[in-house]
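Dear colleague,

Please find the structure below, handed over for your records. My notes on it follow directly after.

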Amino acid sequence: MVVVEAVSCIVAIFLGSLYMKHRKATYDNAQQRREEQRLRHEQWQREEQRLRHEQWQHEEQRRREERWRHEERVERERREQKRIEKALSDVDLFIRTRRRFNTSHPLEYSCMLNTIESEFDADVCSLLKLHGDRFCFSADGKSIKVRHLTPFQGAHTQRVFGEFRCSKCGRRWESAGSWKNKWQACQSCEERVYPYSQRELEHRIADADADGELVRRPHDMARCERCRERGELCMPRFYYAS
């Protein structure tokens with residue numbers, strides 16, 4: 001009887017150890033699976049983060065390239081517009097400085113197209129027909145006229161620097177009080193003269209003469225169309241740097 005109890009105790013202990021080993025193995029396997037799942041999740045997160053970073057880099061590179069192409073296109077269009085504007089201004093100045101051009105009646109003079117073609121390139125001449133806002137052709141297409149009284153056709157409130165030449169007496173002068181489609185009367189013959197050349201004002205200090213005095217010229221209000229229309233000085237100062 002004692003032997004049977006001893007054997008039963010030994011068997012119980014053996015089975016208990018087997019059960020504990022089984023539970024430990026089950027727990028270890030579960031821990032291992034959880035660790036593997038955690039590692040796989042971290043690896044998936046790192047891969048996803050890498051893909052998102054690569055996608056962000058790709059999108060950023062694409063945006064930089066688009067921005068660069070846009071800036072290049074805008075700059076190219078700006079240069080082309082500047083080239084066209086310069087070419088048209090050169091033709092306009094060429095017409096207005098012709099010997100027979102009447103600065104008192106700028107819209108009456110017709111310049112032969114073959115004369116312009118002999119002075120400028122073919123592409124410049126082709127631009128004239130595309131810019132009817134500045135030039136107008138005759139019915140036979142052999143001559144061309146300027147469409148405006150003055151070269152500058154910007155804002156009415158913008159003052160520009162103008163160069164004048166009287167077709168009646170030949171007197172020349174310059175004025176910082178030149179405006180769009182406005183004349184100035186010649187001091188010699190009182191002929192109303194429109195500027196043949198206009199450009200934007202340059203903010204600079206007046207030059208000094210031989211005695212060191214600043215050279216400043218008064219604005220002739222009585223002979224300025226803009227001043228006469230306004231009834232006051234059309235410039236911020238009565239004297240301007242020559």
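Which residue lies over the face of tryptophan 179? Arginine 226 does, at 4.2 Å from the ring centre; a charge is taken to sit over a ring if NZ of Lys or CZ of Arg is within 6 Å of the ring centre and within 35 degrees of the ring normal.

The model is a predicted one: local features need pLDDT of at least 70, side-chain atom pairs count only at pLDDT 80 or more, and totals for chains, interfaces and linings use all residues. Residues are numbered from 1 along each chain as its sequence is written, and side-chain values use heavy atoms, with hydrogens and water left out.

Aromatic pairs

The whole structure contains three aromatic pairs; rings of Phe, Tyr and Trp (its six-membered ring) pair if their centres lie within 6.5 Å, and planes under 30 degrees apart count as stacked, over 60 as edge-to-face and the rest as tilted. One of them joins phenylalanine 94 and phenylalanine 120, which form an edge-to-face pair because their planes stand at 90°, with the ring centres 5.6 Å apart. Phenylalanine 94 belongs to helix α1, whereas phenylalanine 120 is in the loop between α2 (113-119) and α3 (122-130), so the pair ties together parts that are 26 residues apart in sequence. Helices (H or I, at least four residues) and strands (E, at least two) are DSSP runs, numbered from the N terminus. Phenylalanine 94 is buried at a relative accessible area of 14%, and phenylalanine 120 is buried at 19%; buried means under 20% relative accessible area, exposed over 50%, and partly exposed in between (1.4 Å probe, protein chains only).

Another pair is formed by phenylalanine 164 and tryptophan 173, whose ring centres are 5.2 Å apart and whose planes are at 0°, so this pair is stacked. Phenylalanine 164 is buried, at 1%, and tryptophan 173 is buried as well, at 12%.

Strand β4 and its partners

Strand β4 runs antiparallel to β5 (residues 172-178), to which five bridges join it; two strands pair if DSSP finds at least two bridges between them. Within this pairing, phenylalanine 164 stands opposite tryptophan 173 of β5. Six residues separate the strands of the β4 and β5 hairpin, where glycine 170 takes a positive phi near 85°. Strand β4 is also joined by three bridges to β8 (residues 197-199), again antiparallel, and glutamate 163 has serine 197 of β8 as its bridge partner.

The three-stranded sheet

Three strands form an open sheet in the order β1-β3-β2, with antiparallel pairing. Its edge strands are β1 and β2 (135-137), each of which pairs on one side only. Three bridges link β2 with β3 (residues 143-146), and phenylalanine 135 has valine 146 in β3 as its bridge partner.

Serine 104 is in the loop between α1 (2-96) and β1 (111-112) and is buried, at 8% relative accessibility. The side chain of serine 104 reaches the backbone oxygen of arginine 192 at 2.9 Å. Beyond its neighbours within four places in sequence, serine 104 is in contact (heavy atoms within 4.5 Å) with Glu191, Arg192, Val193 and Tyr194.

Arginine 78, in helix α1, is partly exposed at 43% relative accessibility. The side chains of arginine 78 and glutamate 75 make a polar contact at 2.5 Å; such a contact is a pair of N or O atoms within 3.5 Å, where within protein one must be able to donate a hydrogen and the other to accept it, and residues adjacent in sequence count only if both atoms are side-chain atoms. Arginine 78 lies 47 Å from arginine 46, C-alpha to C-alpha, at a sequence separation of 32 residues.

Cysteines

How many disulfides does a search of the whole structure find? The search finds zero, a disulfide being a pair of cysteine sulfur atoms within 2.5 Å. For cysteine 186, the nearest cysteine sulfur is that of cysteine 169, 3.5 Å away. Cysteine 186 is buried, at 0% relative accessible area. The sulfur of cysteine 234 is 3.4 Å from that of cysteine 227, its closest cysteine sulfur, which is too far for a bond. Cysteine 234 is buried, at 4% relative accessibility.

With kind regards
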